[in-house]
Amino acid sequence: MSAKKIFFAVCLLAINFFPLLQAQQVDSHVAHNMEDPRGQNDMGDLQSNHGEHNMTLDSDGMAMNSNWQTLPQDCAKIIREYKFEVYAGTEFSSDYPGTIYGMSEREILVEPCSSVTIKFINTDDIRHQWMIHGLPRYLYPGGMFHLEAAGGQIREGTFIVPSDDKTYLVHCDMAQHMEMGMKAQLKVGKGSGDLWSIPGVSRSFRPDTYLPKASRNYLMLALFVGAMLTALILHLWRRY
Amino acid sequence: MRIRLLFIAILSALVCLPAQWYPEPIRLLFSDWFGAQDYRARPNSLAATELASEVACPEDLQAWREAQTIAGVDIRSSPTCVADNPSAVAAFVRGTNNVSQQVLLDSGLTPDAVEKGRDLDGDGDPDEIHIRLEVAELNGSSPDLNELTAQYAIAPGIKPGFWVFVPKTFGMATENFESLKARSILRVPSPAIRVEQGDKIKITLENSHYMPHTVHFHGVDHPFVDADGEGNDGVPITSEQPVMPGGVRTYDMQPRQTGTMFYHCHVQPQVHIMMGLQGLFIVEENRPDNWLQTLNVGAGQVRVPSVAVAEEFDREYDLQYLDIDRELNNLIQASSDPRVITEQMHNRYDITDATSDYFTINGRSFPYTFRESLVVTKPNEHIKLRVVNGGSSGIALHTHGHKVTTTHLDGVETNPAARVTRDVVWIASAQRVDLDLETTNDGLHSYGSGIWLFHDHQEKGITTDGVSPGGNISAIVYEEYLQENGWPKTQGVDYDPYFTEAYYRKELPVWGGLAGSVFLMVGTDRWMLLRLLGFALSLGMIIVLLLGFIRKRAH
Ligand SMILES: [Cu+2]
Ligand SMILES: [Cu+2]
């Protein structure tokens, strides 16, 4: 009897929390998504101290902190050279209901100490960004590498990743673009787990519920039926 | 047994019921028999809590307030605590295509944000102007983090959702990756646009938002269709398809008439205008060497006024009023699915049932208005106020200590011989009035130097969700009443409570800051609560016992 109960409870928990178990280290990942490394506020306003960033800006877009030669401290040499074409725009959201913007590459896998060249192709008429966070700050001011392409433009840039297995956040930082689907991850080596809310890769940490309009009535009905059934069972049990 | 229980329950109910709630005849009878009840002290006031106040007047670390010359543009000083970025002002005047890379980087603008081309009439200023506007969402929701995105507070702790037209920028929407605060150029209201009469204007809407939008030019001379026959009026039900997310549209115009006008989105306007997709649109007189500050971010002081305005007036301010229904604006914070948000805003939300909760001037409510929306003056000046009511109902704009003169209504000059000078100006929704604020101490136009409030005199307008002081209160401040840092030398109550979130959450006593104040929040009477609980318990017992009797009898 009690063994059955426990089995039941475990099943229930598993159904509800399996997604949480699957994406390990819940807290650190949510934090990583947007907050990491909040608190080490050493970057300041981008607009005010862009001086320390290595940046090019023109009407086709910008590239910031490109680095194709300086090795991270923990790398002896460049192990591999990668080149990825990343398309970005509204059309890349069409496979994922409830998103508006998207990128063609949402999961990029590279080996440690490799150089990564991103060719960022914007298929919309407005600007978009390919921005990666969490790179070593001694090489990349603010820990970021950033490509920005004006509407219909292409931007290319290179950076070199360090040696540790880590998952990096990639997104477009225009207001609501990441929230509306322009989010990806770059895994170095085995990575350090999946980030949340990457279309096709992981679900949202705080998803909408999508219940039918009359769901409150259904719930009340279920509550009532549950009570009635229990009463009936108890009644029958007592009788026979 | 039951009878005995019932008796005990009734007795206990009677004992527990506070004597003050007995029926009055019984109380009078008791009073006659026993006299007045003994003294029992009322609960003590709650101890005043330590205020976690924000800094009223943040330090001007980047020296944005000072008068300065950037890219050959003389930018006036901005006397209030918080000033616009002067590099952006310079770039708006010269054109983002005509300033150095350094000015552009300091401004945060893209090279094509405001392009200025040829001087068509040979009078020394550019007449081909191309403005690019994006749409930004402030205080939106995140599918992952339980905090708002691109945050913008109108008052301490008050962050309603907004959509705004914004100048085209590069880089992040927030101050930096560690911050959730929107960068200063992304704010409410949408920038005031200034163009010259007769200029060839192109305005491109780059829809970077997740909903369809347009721009409608209210009161501005523009053709219904452009040269290609494409819709140019921004109205989806008459002239054109809305601009979809990721898409762009360019509107063309060459305004023949001057005046203070208005622009706003015309897609589902009852929602989109109220979400903040609206701004001032000013057509200035055509004058030689008239380099205009094409955009005035967040409205407010015009740091580079036009030639015509500078001739006639000492200073110029753009003032935009907007009231906010939290039930609408916060819908974008309840979901991260654009389909859900669309349905909630456009199918479910009913503006005919709306009540406004927040009242703003230039995107802020008191006390933040005192940081950046003061009208600063010296005696014997003329100040041009261009006022638009972007809100859902009229405002009764009242100036303390001054009577202002209405020079233009909806951009059209009023008869100089028949101008009205008064201290309450009624402005209906979408109406614009140009006011001449004269600071001559003659007992009519001005009663002299000081700190004089101006605000909507429909009293809800001076509240923030009913809490006062709040809403659209701002002030006309004479320079001698202004501190070095731009904060007015008020001599009334302490402002610390107003710079706490707790005050606008209604958790602080309104007169808590007054010395020796007795009006603190009152403590609770636990004994009274205990007696009531006892009474309720007894009553419950009585009901069940009585029901038991009825059932027994029925059997
Ligand atoms: Cu984007
Ligand atoms: Cu709209």
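Predicted model: local features only at pLDDT ≥ 70, side-chain atom pairs only at ≥ 80, totals over all residues.
Residues are numbered from 1 along each chain as its sequence is written, chains are lettered from A and ligands numbered from 1 in the order in which they are written, and side-chain values use heavy atoms, with hydrogens and water left out. A search of the whole structure returns 2 disulfides over all chains, a disulfide being a pair of cysteine sulfur atoms within 2.5 Å.

**Disulfide in chain A**

- A:C75 and A:C113 are joined by a disulfide with an S to S distance of 2.0 Å, and this link is left-handed, with -85° about the S-S bond.
- The pair connects distant parts of the chain, 38 residues apart, since A:C75 lies in the loop between strand 2 (61–64) and strand 3 (81–89) of chain A, and A:C113 in the loop between strand 5 (107–110) and strand 6 (115–122) of chain A; helices (H or I, at least four residues) and strands (E, at least two) are DSSP runs, numbered from the N terminus.
- A:C75 counts as buried because its relative accessibility is 8%, and A:C113 counts as buried at 7%, where buried means under 20% relative accessible area, exposed over 50%, and partly exposed in between (1.4 Å probe, protein chains only).

**Disulfide in chain B**

- B:C57 and B:C81 form a disulfide with S to S at 1.9 Å, and the torsion about their S-S bond is about -115°, so the disulfide is left-handed.
- This pair also links distant parts of its chain, with B:C57 in the loop between helix 2 (24–34) and strand 1 (68–70) of chain B and B:C81 in the loop between strand 2 (73–75) and helix 3 (86–94) of chain B, 24 residues apart.
- Both B:C57 and B:C81 are buried.

- The copper ion (ligand 1) is coordinated by A:H128 (ND1), A:C172 (SG) and A:H177 (ND1), at 2.0 to 2.2 Å; donors are N, O and S atoms within 2.8 Å of the metal (3.2 Å for Na, K and Ca), and water is not among the atoms, so sites may look incomplete.
- Along the chain, the donors of the copper ion (ligand 1) follow the spacing H-x43-C-x4-H.
- A:C172 counts as buried at 0% relative accessibility, and A:H177 is buried with a relative accessible area of 0%.
- In chain B, B:C265 is buried, with a relative accessible area of 0%.
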